Amino acid sequence: MPDAFGLAAIVTKLALYIGVMTAAGTVIATVMFRLKNTRGLVIIFGLLGFGAAILAFALRGANLTGDVTGMTDPEMLGLLWSTPVGTALMLRLLGLCLVVAGLFMGRVGSWVSVVGGIIAIWSFDHVGHVSGRETRLLDIALTLHLLAVAFWIGVLTPLKRLASQAETYSMAADVGQRFGVVASVTVPVLILVGGYMGFQLVGSFSALLGTGYGQALILKVLLVAGLLGLAAANKLRFIPALRSGDPAAARHLSKSISIEWLVILAVLGVTALLTTHLTLPA
């Protein structure tokens with residue numbers, strides 16, 4: 001059972017995932033699908049990610065010193081800044097600043113935001129279990145995995161908004177249909193690279209079943225399987241019905257997206273546990 005600092009680290013990591021992935025994913029989805037009125041959403045989650053990144057860095061200092069003074073100890077934080085933890089913080093803050101700044105730069109700003117989102121996501125390559133393996137293929141796999149996840153997360157709230165108003169039902173159906181086409185490529189990538197990383201990190205079937213890390217990974221896979229089931233229902237049932245003009249389909253789609261968000265939060269929560277508290281099998 002993690003101590004108080006450990007619990008704070010898990011919660012902060014969850015907030016970091018939510019902030020970075022949603023902000024980056026939303027700007028990517030906005031560019032791909034020409035979505036409207038997403039600026040406020042990106043700013044809110046960008047600020048969440050920014051604050052969580054700083055707090056996560058400070059908590060590293062507290063964990064090293066064993067007390068809360070480590071969160072503001074200049075010597076300890078200076079030492080951390082010179083490590084990959086500091087590099088990750090710099091990339092996250094830079095990336096999120098570009099994400100938000102790009103929102104106010106006109107047409108070219110959209111691409112500035114996308115680049116910022118990619119930088120912020122890339123920061124996760126510099127700390128954690130994958131970074132410790134020093135394997136370039138694993139780094140690439142993690143970045144592709146996170147980009148696919150961010151894109152999925154980023155389209156959900158704008159799609160739910162479109163499905164919540166009768167005058168935008170047709171737009172919701174169009175975005176949902178186009179998202180399904182893109183997902184037919186990104187979901188296999190998500191599964192393949194996720195499976196590859198899991199195999200590389202766990203190492204054996206016995207470790208998968210017999211360690212806390214492996215069991216948490218199994219739970220994550222089960223949650224993702226449920227998420228894929230919800231996505232399939234949206235693609236095969238609700239989106240076609242919405243395209244045919246069935247208003248009930250919009251309500252079903254909106255409820256399905258709400259459930260997807262809950263499952264995504266659970267997946268990110270398990271991921272935060274995996275990356276902050278549980279150790280890799282020996």
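Predicted model: local features only at pLDDT ≥ 70, side-chain atom pairs only at ≥ 80, totals over all residues.
Me: What makes helix 4 roughly antiparallel to helix 5?
Reply: The axes of helix 4 (residues 84-102) and helix 5 (residues 107-122) come within 7 Å and cross at roughly 160 degrees. With the cut-off at over 145 degrees, helix 4 is therefore roughly antiparallel to helix 5. Is their crossing left-handed or right-handed? For helix 4 and helix 5 it is left-handed.

Me: How do you know that helix 2 and helix 3 are roughly perpendicular?
Reply: Their packing angle is about 115 degrees, with the axes 10 Å apart. The range for roughly perpendicular runs from 65 to 115 degrees, and helix 2 and helix 3 are therefore given that name. Helix 2 passes helix 3 in a right-handed crossing.

Me: Why is the pair of Phe-57 and Trp-81 called edge-to-face?
Reply: The count comes to four aromatic pairs, and Phe-57 with Trp-81 is one of them. Ring centres must lie within 6.5 Å to pair, and planes over 60 degrees apart count as edge-to-face. The centres of Phe-57 and Trp-81 are 6.3 Å apart and their planes stand at 85 degrees, so the pair is edge-to-face.

Me: What does the pair of Phe-57 and Trp-81 tie together?
Reply: Phe-57 lies in helix 2 (residues 39-65) and Trp-81 in helix 3 (residues 74-81), so the pair ties together parts that are 24 residues apart in sequence.

Me: What lines the largest pocket?
Reply: The lining of this pocket, which holds about 1,000 Å³ of space, has 44 residues, with His-145, Gly-194, Met-197, Leu-217 and Lys-220 nearest the centre. Among the elements giving two or more residues to the lining are helix 1 (4-33), helix 7 (136-162) and helix 8 (169-202).

Me: How does the lining of the largest pocket divide by class?
Reply: The lining has 30 nonpolar, eleven polar and three charged residues.

Definitions and conventions
Residues numbered from 1 in each chain as written. Heavy atoms only, no water. 1 Å grid on protein atoms, 1.4 Å probe; cavity = no way out; pocket = protein on both sides within 12 Å on 5 of 7 lines; lining within 4 Å. Points joined across faces, edges and corners; volume = space filled by probe spheres on them. Helix = DSSP H or I, 4+ residues; strand = E, 2+ residues; numbered from the N terminus. Nonpolar A, V, L, I, M, F, W, Y, C, P; charged D, E, K, R; others polar. Phe/Tyr/Trp six-rings, centres within 6.5 Å; stacked < 30°, edge-to-face > 60°. Axes fitted to C-alpha atoms, helices over the stretch in contact; angles between N-to-C directions. Parallel < 35°, antiparallel > 145°, perpendicular 65-115°, else oblique. Left-handed = near helix turned anticlockwise from the far one by under 90°.
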